[in-house]
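Subject: Structure for your review

Dear colleague,

Please find the structure below, followed by an account of what was found in it. I would be grateful if you would read the two side by side.

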Amino acid sequence: MDHSQKVDVKTKVLLLLPFFLGASLSAEELTVHAAASLTDAMKEIAAVYEKESGDKLQLNLGASSMLARQIEEGAPADVFLSADEAKMDALEKKGLLVAGTRRSLLSNTLVIIVPANAKLLPERAADLAKPEFKRLALAETQTVPAGIYARESLQRLGLWEKLKDRVVPTENVRATLAAVESGNVDAGIVYRTDALMAKKAKVAAEIPAADTPKISYPLAVLQSSREPERARKLADYLASPPAQKIFAKFGFLPAN
Amino acid sequence: MNLRLEEVRLVLGAFTLELDLTLERAVTGIFGPSGSGKTSLLDLIAGLRKPTAGRLQLDDDLLADAKSRTHLRARRRRIGYVPQDLALFPHLNVRANLGYGYRAPLTDDHAHFSLDHVAEVMEIEPLLERDVLALSGGEQQRVALARAVLSQPRLLLLDEPMSSLDSKLKRRLIPFLHRIRGEFHIPLIYVTHDAAELVALCDEVTVLDHGKLVERCAPEKLLTDV
Amino acid sequence: MSAETWQIVFFTIKVSLLGTLLILPLGVAVAWLLALREWKGKALLETAVMLPLFVPPVATGLILLMLFGRNGAFGSALDRIGIDVVFTWRAVVLASAVMAFPLLVRTAQAAFQEVNPRFADIARTLGASEWRVFATISLPLAFRGVVVGAVLAFARAMGEFGATAIVAGMIPGKTMTISLAIYQNIQLGQDAAALPLLLISIAIVFLTVLCGQMLLPRKGRR
């Protein structure tokens with residue numbers, strides 16, 4: 001009459017086995033697509049978050065344009081932290097964001113950097129028009145946020161026409177930093193937060209906020225997330241004071 | 001001419017060439033079955049291969065010494081070579097082939113080494129502007145010989161020069177070889193597996209087998225032995 | 001087909017031709033050296049020459065960047081005399097040349113090896129120096145194969161991407177080759193714009209390699 005009583009020990013063990021496979025069921029891996037300029041801050045935040053929540057964070061860092069494209073093509077990701085609103089708009093239009101999770105997280109400023117041993121320092125953006133600055137590294141100016149911000153700033157200052165032939169486009173803002181650090185270009189425009197990480201480059205001048213477009217880093221949970229609850233939890237954490245404190249440590253400004 | 005091979009060894013695939021002898025005659029024949037090392041011996045003398053051991057000396061010149069790692073390059077030896085396949089340069093015509101190794105006569109004694117004269121002696125004047133590949137077997141042979149002679153060698157090596165010719169052509173070629181000896185006074189080392197050729201041309205025969213000297217004799221002896 | 005596309009195509013052809021011409025003398029010489037019978041250190045040279053074929057192209061690009069960048073061993077010397085390499089058309093030529101070199105050498109080496117070594121030997125007994133043997137015997141007899149090597153090198157240069165991206169960047173109008181332009185279009189999500197470039201590059205390379213194949217010596221000695 002009772003089939004269940006006929007279940008032997010071996011079967012019982014097999015049935016319970018999944019629950020014995022470590023704490024893996026109670027912890028998840030979340031994939032975060034984050035703009036390249038957030039590299040160091042995100043690594044530190046990830047370490048803290050993993051300890052507190054038990055969830056593991058897989059960081060995919062690169063130009064926001066490339067990351068957005070990957071999300072559009074179906075790359076599995078839980079959270080997207082972009083360096084400009086345009087990329088987030090594109091995803092929202094395609095219905096790839098979880099409604100209600102989008103918010104502006106951070107802001108930043110632009111600086112002009114030169115190789116550490118450079119003799120000539122531009123004191124302001126207009127100085128870049130001098131003939132000594134033959135090559136100017138910028139992130140790709142049509143698609144990568146840092147490059148778009150830089151180009152728009154130079155356009156506002158009436159310098160773009162003069163400088164656009166000197167531009168060496170790079171794949172993302174960290175590549176811009178690397179190009180300047182290698183000494184193979186004469187100057188570059190990156191976020192102040194990148195310049196703070198520089199070892200072989202120094203800040204020559206800051207581009208005043210009045211001359212730059214509004215810089216905003218939006219955050220959202222993605223529709224493709226397999227763990228939307230945990231993803232929301234992570235998104236909330238990134239907006240919370242402890243995380244914001246770490247961002248500030250690296251030079252990021254709060255969302256404006 | 002005095003060609004001395006002193007305890008010369010050359011390791012070939014299946015066996016080792018080992019010779020210790022002196023060649024002094026005007027025309028020396030090297031006789032032996034195929035694969036007995038005859039071609040390798042000529043390569044050694046010409047400077048195209050280095051001996052594994054031993055010394056080679058031609059008159060006053062040290063050609064090679066394995067112990068002291070001395071090796072006189074082929075281009076400096078002034079030893080002419082007519083290989084079995086003739087190696088006529090296919091992209092050059094007869095005249096260009098002939099003139100390839102040509103050196104201006106060293107002395108008046110060598111005045112007869114002019115291209116025209118040698119071509120006349122070898123009866124290849126009408127062929128001078130022809131393409132080498134369009135010549136008959138016998139004509140190619142004579143061109144190859146003439147080319148070697150024109151480099152004014154002090155020794156001429158011939159590797160089976162008549163192996164691709166029929167007996168009629170062979171008979172035709174023999175006088176030319178005599179002329180090389182008589183008119184140009186160049187000593188010859190003549191390799192073949194045909195005993196009749198040796199009798200017609202050589203003063204002495206060295207018999208090789210599997211790289212070793214088997215005997216040295218008058219050419220006639222080979223006919224009777226066979 | 002916009003003016004910009006034509007500019008990219010002609011630029012790519014120009015730098016590929018230049019790169020191929022640049023490596024011809026050295027490549028043919030090295031090929032001949034490697035085709036000679038054994039000599040000391042031959043295996044070492046052979047391996048060094050083949051490296052760009054097996055090392056990831058971006059790694060080769062990085063090595064070139066380190067050597068020819070303004071702070072690099074060669075770059076600093078060139079910078080002193082006012083010559084910029086990285087991020088200019090010169091870097092494109094350099095990358096193409098380095099990546100095409102092994103292909104040229106390999107093909108030319110095979111061509112030299114096909115020539116009966118007896119010809120060179122007899123030339124030596126006739127008193128020719130090694131240079132004369134090379135110029136009057138080996139090269140003329142291997143000529144067709146050497147030309148095929150040059151053609152293949154050109155095709156490889158046309159398609160060069162990885163090393164070029166690293167050492168020359170993708171500067172529109174200055175270092176943008178067909179491959180780089182296709183890549184950039186993909187990056188920008190403009191796949192359709194890449195199509196004309198894609199078709200042209202396939203057409204050029206197809207024709208080039210076809211010509212090369214037709215020039216190949218037929219089986220059997222001349």
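A polar contact is a pair of N or O atoms within 3.5 Å; within protein, one atom must be able to donate a hydrogen and the other to accept it, and residues adjacent in sequence count only if both atoms are side-chain atoms. By that rule, nine residue pairs, both at pLDDT 80 or more, are in polar contact across the interface of chain A and chain C.

This is a predicted model, in which local features need pLDDT of at least 70 and side-chain atom pairs count only at pLDDT 80 or more, while totals for chains, interfaces and linings use all residues. Residues are numbered from 1 along each chain as its sequence is written, chains are lettered from A and ligands numbered from 1 in the order in which they are written, and side-chain values use heavy atoms, with hydrogens and water left out.

The interface of chains A and C

Contact (heavy atoms within 4.5 Å) joins 15 residues of chain A to 20 residues of chain C. The buried area, meaning the accessible area (1.4 Å probe) that two parts lose on being put together, summed over both, is about 1400 Å² here, and carbon and sulfur atoms give 43% of it. A:Arg69, A:Arg135 and A:Asn184 supply 40% of what chain A buries against chain C, more than any other three residues.

Four salt bridges are counted between the two chains; the term denotes a side-chain nitrogen of Lys or Arg within 4 Å of a carboxyl oxygen of Asp or Glu. In one of them, A:Arg135 pairs with C:Asp84, with the closest N and O atoms 3.5 Å apart. Strand β7 (residues 167-170) of chain A gives the most to the side of chain A that touches chain C, with three residues. Helices (H or I, at least four residues) and strands (E, at least two) are DSSP runs, numbered from the N terminus. A:Arg135 and C:Asp84 also belong to a network of salt bridges that includes A:Lys134, A:Asp186 and C:Arg70.

Strand β1 of chain A

Strand β1 (residues 29-35) of chain A is largely enclosed by the rest of the structure, because six of its seven residues are buried. Buried means under 20% relative accessible area, exposed over 50%, and partly exposed in between (1.4 Å probe, protein chains only). A:Thr31 lies in this strand and counts as buried at 18% relative accessibility.

Two strands pair if DSSP finds at least two bridges between them. β1(A) pairs with strand β2 (residues 56-62) of chain A in the parallel sense, over seven bridges; in this pairing, A:Gly62 is the bridge partner of A:Ala35. Three bridges join β1(A) to strand β3 (residues 79-81) of chain A, again in parallel, and A:Ala34 stands opposite A:Leu81 in β3(A).

Salt bridges in chain B

Over all chains, the count comes to 39 salt bridges. B:Arg95 and B:Glu129 form one, at 3.0 Å from N to O. This pair links distant parts of the chain, 34 residues apart: B:Arg95 is in helix α3 (residues 94-99) of chain B, and B:Glu129 is in the loop between α4 (115-121) and α5 (137-150). B:Arg95 is partly exposed at 37%, whereas B:Glu129 is exposed at 54%. B:Arg181 and B:Asp203 meet in another salt bridge, at 3.2 Å from N to O.

With kind regards
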